[in-house]
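User: Hi! Could you walk me through this one? I'd like to start with the overall layout and then get to the aromatic rings.

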Amino acid sequence: MQEYHCGEKMLRLWRLYLLAIAIVAAFLCGFVCFFSRLIGAILGLLFLAAGLFLYAYLSRYRASLRYTIQGNRLEIQRGVYFQKHNCLTAAQILYIKRLSTPLQRRYGLCTLQIYGGGARARLPGLSQDGAAALLSALETSGGEEPTG
């Protein structure tokens with residue numbers, strides 16, 4: 001059994017995205033405050049509450065992401081409040097794409113998009129080495145050669 005996790009760097013990247021959204025929200029609140037201080041203050045408090053919730057939620061979500069290869073099956077577990085458990089056999093996997101944004105490449109991360117017969121799964125936050133190891137493990141477990 002081989003187990004893979006979403007890396008700590010992915011949490012930093014998600015929080016960087018959250019910071020960019022917070023900056024845009026702050027400018028929006030400032031613009032609304034120009035016309036109505038009460039509505040701007042309420043909107044600002046709502047954005048602040050949502051930002052704090054997401055900041056805490058992202059670390060719990062990262063900890064819940066788990067990718068396991070058992071025999072010829074890939075098991076994907078994720079979810080904080082509502083847990084999901086997906087299983088794909090190596091024979092079901094049609095092809096795999098390796099996706100990465102410029103920021104993900106800067107942090108040495110990538111996302112694997114797995115397409116199977118009637119199923120599709122995303123595996124975010126893998127390191128480049130972890131993704132290569134997962135691809136080779138899937139290849140040796142009996143599936144077709146992953147491409148992407």
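**Layout and rings**

Analyst: Happy to! This is a predicted model, and from the N terminus the elements of the chain follow the order β-α-α-β-β-β-β-α-β-β-α.

User: Is the chain compact or spread out, and why?

Analyst: More spread out than a compact globule, because its radius of gyration is 19 Å, well over the 15 Å that the globule rule gives for 148 residues. The C-alpha trace spans about 65 × 30 × 25 Å along its principal axes.

User: And how much of the chain is buried?

Analyst: 34% of the 148 residues count as buried.

User: On to the rings, then. How many aromatic pairs are there?

Analyst: The count comes to seven aromatic pairs. In one of them, F34 and F35, the planes are at 80 degrees with the ring centres 5.2 Å apart, so that pair is edge-to-face. F34 is exposed at 68% relative accessible area, and F35 is exposed too, at 61%.

User: What about Y95 and Y115?

Analyst: Those two are stacked, with 4.6 Å between centres and 20 degrees between planes. Y95 sits in strand β5 and Y115 in strand β6, so the pair ties together parts 20 residues apart in sequence.

User: Are they buried or exposed?

Analyst: Y95 is partly exposed at 35% relative accessibility, while Y115 counts as buried at 19%. The cut-off for buried is under 20%.

User: Which rings form a cluster?

Analyst: W14, F53, Y57, Y61 and Y81 are linked into one by ring pairs.

Definitions and conventions. Residues are numbered from 1 along each chain as its sequence is written. This is a predicted model: local features need pLDDT of at least 70, side-chain atom pairs count only at pLDDT 80 or more; totals for chains, interfaces and linings use all residues. Side-chain values use heavy atoms; hydrogens and water are left out. Helices (H or I, at least four residues) and strands (E, at least two) are DSSP runs, numbered from the N terminus. The radius of gyration is taken over C-alpha atoms; the globule rule is 2.2 Å times the number of residues to the power 0.38. Buried means under 20% relative accessible area, exposed over 50%, partly exposed in between (1.4 Å probe, protein chains only). Rings of Phe, Tyr and Trp (its six-membered ring) pair if their centres lie within 6.5 Å; planes under 30 degrees apart count as stacked, over 60 as edge-to-face and the rest as tilted.
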